Amino acid sequence: MTATSHSAPAVARIPRWRTVDIVVTSVVAAMFGALYWAWQYMPITQMFGFFPPFAALLNTVWLMAGPVGALIVRKPGAAIYTEMVAALFEALIGTHWGTSVLVYGLVEGAGAELAFLLFAYRVWRLPVALLSGALAGAAMALLDVWIYRYYTGWSLGYQLSYLAAAVAGGAIVAGALSWYLVRAMAATGVLAPFASGRRQRLI
Amino acid sequence: MTLVLGAPVVRRRGGTLNPTSKVLAMAVVAVPLFLSTDAVTSGIMVAVELVALPLLGVGPRMLGRAGAPILFGLAGIWLANWIVSGNLSGLVAVSLRLVALGLPGLLLVVTTDPVDLADALVQRWHVSPRFAYGALAALRLIPLLIDEVQTMRRARRARGIGAGWTPVSWARLTGGLLFGMLVQAIRRGVRLAAAMDSRGFDSAAERTFARQSTVTWRDHLFVLATAIVVAVAVAVSMATGHWHLLFS
Amino acid sequence: MSGATLLARRWGWRYAGRRAWAVGNLDLTVPAGQRVLLLGASGSGKSTLLVGLGGLLHGQESGQAAGELLVDGVPAYEARHRTGFLLQDPDSQLVMSRSGDDVAFGPECHGVPPDQIWPRVDEAMDAVGFGYGRDRPTAALSGGEKQRLALAGQLANRPGLLLLDEPTANLDPEGAALVREAVAAAVAATASTLVVVEHRVEEWLPIIDRVVVLGDGELVADGPPDEVFGRHRDALERMGVWVPGTVVRAAAPRTVATTPVLRADAVSYRHRGALFDAVRATTLSLRAGEALAVVGPNGSGKTTLAMMLAGLARPRTGSVLAPDANRPLHRRRPASLVRAVGTVFQQPEHQFVRSTVRDELVQAPKRLGWSAERSAARADDLLDRLGLTVLAEANPFTLSGGQQRRLSVATALSGAPPALVLDEPTFGQDARTWRELLRLLEEVRDAGTALVTVSHDRAFVTALADRVLPMADGMVAA
């Protein structure tokens, strides 16, 4: 039996987003958007959301969508897109940050995206995920403290500790946790249409 | 259909503003507010917005309901700054700014049907239809996933898993539920994408539009008026000496 | 609009990551306008063939092809936009929130001029007999109506080939009938070629004129329905096909013990914000080793009643009690509830909480405080009885539909509860899994466990139940 494989041209080109990439990142983003919305009302966020650097740590939950989206579909722009769409959904549901979350989504997503870009979108392992989370955390701190100036009353020391906590927390929560989450999903077989789900042995 | 809790959008074809006009207004409003954080610019804008919103379709009740979270957030910020440093200067300006930035977005969210928004973005601003309609379709899956949560909670109870008294067990239960939802979300997303492709979503043909997104004189007037208000606010602020460039 | 011709010439397909070919060396010719029923056991390659005809098997990522598969003389992939594809799950096929917009989606994608789109939409909605207007929200439709709308969405593209992959598997009998009518009307109006994969064959016979059977990726039988079913009856039954004319044996009358296992005392239920009860005051008691079936149309309250019996829904009035504790079931803590009653949900995946099959089975015994040895022994026993030993370390989500169903029943039984509540256990199952499930439940029942089943499946109810409780409008019909 002669086998003909449908082969892609040998020249590497920017992989195009398939419909399934778009829809899945969108729905994952929507879920995170809902999670984000709920997270701001959690008792723990209410009670402890005021003390830096603890506030920074809690806020890193809002960074997860980007890395998760990128790790699932492994396409350029996935981190920014997922984070932005999550912010959009969060805003749609009704958030007290108003539509400034959209700016957050863009900048935090860009931070997360940068890590994957630095590795030419070819490495999707844990270290890159950690970097992605860390950069997103830095972006968030930048926005919170210096651009939106929510914490104008804080001294420089507090502000810097916020930054440090955001970077560390980002790496752990938005980086490592996201990575483990995607790995667990791959184990269920649901990521079969994506490269991230395809590391199974021949059955 | 909106996601603002409990509020259905009254869909009025024609006679309403094109969604892109609202987005444009949001951007126009944001420009000066990013450049300066003084209370005068923000204050004027907030005042005008509060007057304009009911005229544009966001009645007081809706405004209260959708705007409540903003006030809630403001309380949080005041508390944060007060507890940590007791320094409340500058917070008035920040609060006003937050409200000024948030209200136009509220207009968009409360009065726009997502389908109209997608149509407008694609037809007027040439956003890629694959992304706009792909995201729109994914949005439709959300209510289904929410329904499934209840089933999944019952299913876990039936398996003997309940929210224990400790935060740890609560975290485990919620984490498990979230994971289950995420798996279902992806599975449905994959199937939906296949269905969309089978309907021709990935065809190379140029897409046409069953619903036309139109821009009328009302839209132009609205954007122009917004720009004027912004200019006036900035002028007043500069004239009274409150204008303070952010990065200077 | 005319039907497409299909040609498979030594066609084969192997999925990426698999060693075996899903379909191998297939030769098949289908003339324009013919209506074909495609049958085969799970894993026989029938879904692969269908998906291949739809042009969706493409790209090095998905797998490897051999031979040719042509639709109207061109490779299936290139003809895929002239092909309509209807899947099992109605919710995953509707794209837009309003019915008319959804049907218009296909024409929009194909670049149909705007002034022609809405006439096509109306035409397609008429062709399937869709009963509502364009602005009807899709979320407000029943399952059968959603499938009809999905079919209209496909028809709006004027396809020459219609492929249906178990379109009625997730629907109740009324919904299934709606869909069949719509398909019959559609093919009559458009003369397109039709290929259907379905388990419940009998109701489709009037619509089709040819039956093709696949086994292990190869052609096993091909011809007019009478001939195929006449000649290959036994082989087909073994494959899990519901051969028309199969008679299901009714449950033999048995004497049932009188030990009560569950008692519902005047329980009623009202949904939050509703004006009327979904279930009106109902009293019943369930005895050990008894199988009770609750039947009725959609909205009759049967699932809600079952959820109350399982302790998963809070009754508005009355309570459900089990003999081992004084607290009503809905107020018992989960670990305590599991001691009294186990529940099997309609979709097995909703109940999976662990990452291996074995862990799933050990979970309930551990919760109940059994020793590690006893739990492990119970798990092994169940694995063996259900033929899942080989899969003990696999992730539950990776199991096939039938395997997941067996696992979900096993997990409900793993704590050895005296009562078991099952919600539509035979939904979407082929005949083989159906028979296995029946056998398993008969064993369980005979061993003394009480069963409550909610089911649309008449054959299943006939074969298993000692007592049938028909419901309508929230009340037990006399």
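Guide: Asp101(C) counts as buried at 3% relative accessibility, where buried means under 20% relative accessible area, exposed over 50% and partly exposed in between (1.4 Å probe, protein chains only). This is a predicted model, in which local features need pLDDT of at least 70 and side-chain atom pairs count only at pLDDT 80 or more, while totals for chains, interfaces and linings use all residues. Residues are numbered from 1 along each chain as its sequence is written, chains are lettered from A and ligands numbered from 1 in the order in which they are written, and side-chain values use heavy atoms, with hydrogens and water left out.

Visitor: With which residue does Asp101(C) form a salt bridge?

Guide: A salt bridge is a side-chain nitrogen of Lys or Arg within 4 Å of a carboxyl oxygen of Asp or Glu. Here the partner of Asp101(C) is Arg211(B), with the closest N and O atoms 3.1 Å apart, and Arg211(B) is itself buried, with a relative accessible area of 7%. The pair crosses between chains, from helix 2 of chain C to the loop between helix 7 (167–198) and helix 8 (217–239) of chain B; helices here are DSSP runs (H or I, at least four residues) and strands likewise (E, at least two), numbered from the N terminus.

Visitor: How many residues of each chain are in contact?

Guide: Contact means heavy atoms within 4.5 Å, and by that criterion 61 residues of chain C touch 46 residues of chain B. Buried area is the accessible area (1.4 Å probe) that two parts lose on being put together, summed over both; for these chains about 4,700 Å² is buried, 50% of it on carbon and sulfur atoms. On the chain C side, Ser92(C), Glu108(C) and His350(C) lose the most area to chain B, together 14% of what that side buries.

Visitor: What does a salt bridge within chain C look like, for instance that of Asp265(C)?

Guide: Asp265(C) pairs with Arg263(C), the closest N and O atoms being 2.6 Å apart. Asp265(C) is partly exposed at 27% relative accessible area, and Arg263(C) is also partly exposed, at 39%.
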